[in-house]
Amino acid sequence: MTFIDTNQLPVIERLPGWRGRYFDSANMTFGHYEFDAGASIHEHSHPQEEVWNVLEGELEITIAGVTQRAGPSSVGIVPPNTLHSVKAVSAGKAIAIDYPLRESMSRATHE
């Protein structure tokens with residue numbers, strides 16, 4: 001699949017306040033999120049590197065115990081196997097990209 005209209009993908013609320021549209025390329029997994037103020041993703045880790053790109057609003061991203069606020073055009077890079085969590089300071093939108101591919105992401109719960 002070379003072109004994807006993300007607006008045509010189903011919206012899945014994996015965690016309260018996190019609505020995502022997910023798809024995979026051959027090597028990466030993408031989550032296009034809309035989030036509510038106060039929504040959070042618990043601390044966890046996974047073998048993939050993960051990049052958070054904030055498009056609208058503000059997130060508080062904690063990576064290996066270091067917390068930073070990220071607003072529009074900010075990026076947080078989570079190394080593989082590193083504890084991290086995300087909290088929405090405001091409502092907004094972000095894209096999370098995982099490399100390599102998270103085989104079950106478009107079908108399973110985000111962890």
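What percentage of the 111 residues in the protein chain is buried? Buried residues make up 38%, where buried means under 20% relative accessible area with a 1.4 Å probe and protein chains only. This is a predicted model, in which local features need pLDDT of at least 70 and side-chain atom pairs count only at pLDDT 80 or more, while totals for chains, interfaces and linings use all residues. Residues are numbered from 1 along each chain as its sequence is written, and side-chain values use heavy atoms, without hydrogens and water.

**View 1. The protein chain has 10 strands and zero helices.** Helices (H or I, at least four residues) and strands (E, at least two) are DSSP runs, numbered from the N terminus. The C-alpha trace spans about 35 × 25 × 25 Å along its principal axes.

**View 2. Strand 5 (residues 49-56) pairs with strand 10 (residues 92-99) in the antiparallel sense.** The pairing runs over seven bridges. Glu 50 stands opposite Asp 98 in strand 10.

Technical notes: Pairing = 2+ DSSP bridges. Buried < 20%, exposed > 50% of the residue type's maximum accessible area, 1.4 Å probe, protein only.
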